[in-house]
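The exercises below ask you to read contacts, strand pairing and packing from a structure, each with a worked solution. Please look over the sequence and the structure before starting.

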Amino acid sequence: MRAYLGVDVGSVSTDIALIDEDGQVINSVYLRTQGQPIRAVQDGIKKIGEGLSRDVEICGAGTTGSGRQLAGLIIGADIVKNEITAHAVAATHILPDVHTILEIGGQDSKIIILRNGIVTDFAMNTVCAAGTGSFLDQQAYRLNIPIEEFGDIALKSEAAVRIAGRCTVFAESDMIHKQQLGYSIPDIINGLCEALVRNYLNNIGKGKEILEPILFQGGVAANKGIKAAFERALGKKVIVPEHYGVMGAIGSALLAKEAVKKKGYTDFKGFEISDMKFETNGFDCDGCANMCEVVEFIQNGTVVARWGDKCNKWTNSVYNNEKEILRKA
């Protein structure tokens, strides 16, 4: 079976999806990045490789997310794409006539507007609409409620309490204040869901024409309370796709499939990358007044990539070194 791998590296989570030739998900993995994107990618690739049938051949690989460049070097990606494109590609694959994508992850949130399958507008979170997933995690922990049950508890609410959701600092202090006033936990959680949705629509969705069909994806889409709050605020149906948490990874796998079709081969390094030694170093170049911070990517003791220099002196030095090695071979 021919299969394609997609990796989405974010600041909170690292998601990996494996799809078949028809774009159906064969397997997926969700890991906490925990500030170690290299380790997270290696562990994720190892997990997805474990138990994989021998007849599965990885024919292409793609990466997206804030750590997409680094992940692309680690796995040998055939394509490295931004999150807007990856999420839009995955959403249109699942629902071709989708008009609006609401995406909320652990740290970043975004809205993507599509018309006739083409992205016509988008927006990313501002500072005051960031970290929604992480904030929900934090509040679930503070209230001693498993995050998986958070949304179900919100649905038990009879009357949402108004929570100040302009920023997480105000929201948390207001939640504590409402607890001290004796409001029920379901009503407070429901109020928090409404506050986060209000904040999202007033910041990220401001001025956007939100038309149906609407897909809600990202890790926070697991929260039924947030989905219900969106439907109440918009007066429209909101659809949560089956693989809502790994849509970026699915999109990058679909993009890899197209990239390989054009070039005819894959650069994927194989599942052995989980045992390789990767590290990054940085130094300030003093070649001119720009004083660029140059990053080196090292694989098994060899520098295989450099970036960060405005004049490409260091970036090209790796490329020229590879050409010299090939010439002598």
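Contact means heavy atoms within 4.5 Å. The model is predicted, so local features need pLDDT of at least 70 and side-chain atom pairs count only at pLDDT 80 or more, while totals for chains, interfaces and linings use all residues. Residues are numbered from 1 along each chain as its sequence is written, and side-chain values use heavy atoms, with hydrogens and water left out.

**Exercise 1.** Determine whether Phe 278 is buried or exposed, and list what Phe 278 is in contact with.

Solution. Begin with the place of Phe 278, which is in strand S11 (residues 278-284); helices (H or I, at least four residues) and strands (E, at least two) are DSSP runs, numbered from the N terminus. Next, take the relative accessibility of 9%, because of which Phe 278 counts as buried (under 20% relative accessible area; exposed is over 50% and partly exposed in between, with a 1.4 Å probe and protein chains only). Then, leaving aside neighbours within four places in sequence, Phe 278 is in contact with Ile 38, Gln 42, Ile 74, Lys 269, Ile 273, Phe 297, Ile 298 and Gln 299. Finally, although Phe 278 and Gln 299 are 21 residues apart along the chain, their C-alpha atoms are separated by 4.7 Å.

**Exercise 2.** Work out the order of the open sheet of five strands, and say which are its edge strands.

Solution. The order is S8-S7-S6-S9-S10, with mixed pairing, where two strands pair if DSSP finds at least two bridges between them. The edge strands, each pairing on one side only, are S8 (118-124) and S10 (238-239). Strand S7 (residues 109-115) pairs with S8 in the antiparallel sense over six bridges, and the bridge partner of Leu 114 in S8 is Val 119.

**Exercise 3.** Find which residues have the most contacts inside the largest nonpolar core, and which element gives the most to this core.

Solution. A nonpolar core is a set of buried Ala, Val, Leu, Ile, Met, Phe, Trp, Tyr and Cys residues joined through side-chain atoms within 4.5 Å. The largest has 37 residues, and Phe 216, Ile 226 and Phe 230 have the most contacts inside it. Among the elements that give two or more residues to this core are H5, helix H7 (185-203) and H8, and H7 gives the most, with nine residues. Not counting residues up to four places away in sequence, Ile 226 touches Leu 136, Cys 193, Leu 196, Val 197, Phe 216 and Val 220.
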